[in-house]
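My notes are below, in the order I worked.

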Amino acid sequence: MPMDLPRTFPMRVAGGKIIQVPSVGFGTWAADDPTWCSQAVADALKAGYRHLDCAWEYGVDSEVGKGIRMSGVPRKEIFVTTKFWPHFAAPENVQVCLEQVLERMGLDYVDLFLAHFPGALKPQGDLSQAVNFLGATPDDQKAATDADGNYIPDILHCPKSVAKLNGADGSFVPTWQAMKKLVKSGKCRAIGVSNFEQEHIEEILPYATHNNVPISCNQIEAHPWYPNTKLISFLHRESIVPSIYSPFAPKRFRLERGQVLGEPFQPNGVLLLQEGKVREVAHRNNMDVGQVLQSWAVQRHTIPLAKSQSKHRISSNLFVQRLPENDMQKLDSLSLEGNYGKCIDLNLLFPGLKFHD
């Protein structure tokens, strides 16, 4: 990776300390057959990645652990992020999720543990027996559902602004306090959130001081169609690292009976990777379009988390270089009005739980 863009970004962790997190990560979500994951993780680490983005919901923890061992890269050199799904959001359940992940990955700790969404769902049965895999049902996940097969919200443990939208009282603070204990136990080095908006974060900021256990990261959607600039600026002001999923905006997702389903995201009739201005910038800089989008993200001081099954693409996506300012402006000009360019709508992912009007 050329040195003119950062290889790492500083991240605040407990006790006023700073650690370095690699500025380009590798995503591990397997929307279809997960058998590719072990080899892809091994290929990514051998190519030079040192940052893996994972989650309980991805259902590939065992495969990720196998890929780490296949790579031969020492564990201490790898930054591992994982997340708990919202039916683990009650304070007594967040540790259950983390311990499952560690056991299945074969690791003693993760570097960063995130709340996957600013919402909570009701569990059902023994969460220590919960599993997720391609085709898993809510019963397999130990998630409670209604007569239509939709998850049942747990308003009590939602952020207060989400709870209010749903006509009740709730707070994420008790869950955050439980997450902080996991840092002190040594099971994770840092904690943070994902898909949280500013009002969700402001609720827990008083309980997340730098000298105690800060909010280290917020993982959010961002790409030229949906740059999310206002939220990213807020995160930078609060010294919270923004990592970004869907940097190529490949699909729009919805949830159906516990299954995350996707279709190509083409708000302008083409994929972002086919967008004319992106291709122009790539040609002018002798790069491919994936490298351009990765570089745009790092240049904005955000961490892109692209994934691929192709060994060539895995290696190619790691290459970033500084783009001329006029090309950054050209990519910025692709921003679409409102949420039209956003490929993840939480209201579609969680029917029955309102995240916005």
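The entries that follow go site by site.

**Ground rules**

I am working on a predicted model, in which local features need pLDDT of at least 70, side-chain atom pairs count only at pLDDT 80 or more, and totals for chains, interfaces and linings use all residues. Residues are numbered from 1 along each chain as its sequence is written, and side-chain values use heavy atoms, with hydrogens and water left out.

**Entry 1: the annotated histidine**

I started from the record. An unreviewed UniProt entry puts the annotation "binding site" on His116. I note that UniProt positions are given in the numbering used here, that feature names are shortened, and that annotations may be inferred rather than shown by experiment.

Where does His116 lie? I found His116 in the loop between strand S6 (110–115) and helix H4 (138–141). Helices (H or I, at least four residues) and strands (E, at least two) are DSSP runs, numbered from the N terminus.

Is His116 buried or exposed? His116 counts as buried because its relative accessibility is 7%. The cut-offs are under 20% relative accessible area for buried and over 50% for exposed, with partly exposed in between (1.4 Å probe, protein chains only).

I then listed contacts, meaning heavy atoms within 4.5 Å. Setting aside neighbours within four places in sequence, His116 is in contact with Ala55, Glu57, Tyr58, Lys83, Phe84, Trp85, Ser194 and Asn195.

**Entry 2: two further histidines**

I looked at His200 next. Helix H7 (residues 198–204) holds His200. His200 is at 3% relative accessibility, so it counts as buried. Not counting residues up to four places away in sequence, His200 touches Pro118, Pro159, Ser161, Val162 and Asn195. Asn195 is also among the contacts of His116.

His51 sits in strand S4 (residues 51–53). His51 counts as buried too, because its relative accessibility is 3%. I checked polar contacts: pairs of N or O atoms within 3.5 Å, where within protein one must be able to donate a hydrogen and the other to accept it, and residues adjacent in sequence count only if both atoms are side-chain atoms. The side chain of His51 reaches the backbone oxygen of Pro22 at 3.2 Å. Beyond four places in sequence, His51 touches residues including Val21, Val24, Phe26, Phe79, Thr81, Ile303 and Leu305.

**Entry 3: cysteines**

How many disulfides are in the whole structure? My search found zero, a disulfide being a pair of cysteine sulfur atoms within 2.5 Å. Cys54 is in no disulfide, and its nearest cysteine sulfur, that of Cys37, is 7.3 Å away. Cys54 counts as buried because its relative accessible area is 1%. Cys217 is in no disulfide either; the nearest cysteine sulfur belongs to Cys188, 13 Å away. Cys217 is at 2% relative accessible area, so it is buried.

**Entry 4: the largest pocket**

On a 1 Å grid over the protein atoms alone, a pocket is an open set of points where a 1.4 Å probe fits, with protein on both sides within 12 Å along at least five of seven lines; lining residues have an atom within 4 Å of a point. The largest pocket holds about 880 Å³ of space, with grid points joined across faces, edges and corners and the volume taken as the space filled by probe spheres set on the points.

Which residues lie nearest its centre? The lining has 36 residues, and Trp29, Ser246, Pro250, Phe253 and Lys307 lie nearest the centre. Strand S10 (251–256), strand S11 (259–264), strand S12 (303–306) and helix H11 (311–317) each supply at least two lining residues.

**Entry 5: positive phi**

I stayed with Ser246, which is in the loop between strand S9 (241–245) and S10. Ser246 is not a glycine, yet its phi is positive, near 50 degrees. Ser246 is buried because its relative accessible area is 13%.

Ala249 lies in the loop between S9 and S10 as well. Ala249 has a positive phi of about 45 degrees, although it is not a glycine. Ala249 is at 0% relative accessibility, so it counts as buried.

I placed Leu273 in the loop between S11 and helix H9 (276–284). Leu273 is partly exposed because its relative accessibility is 29%. Its contacts beyond four places in sequence are Phe248, Arg279, Val289, Gly290 and Leu293.

Last, Glu325. Glu325 is in helix H12 (residues 325–332). Glu325 has a relative accessible area of 51%, so it is exposed.
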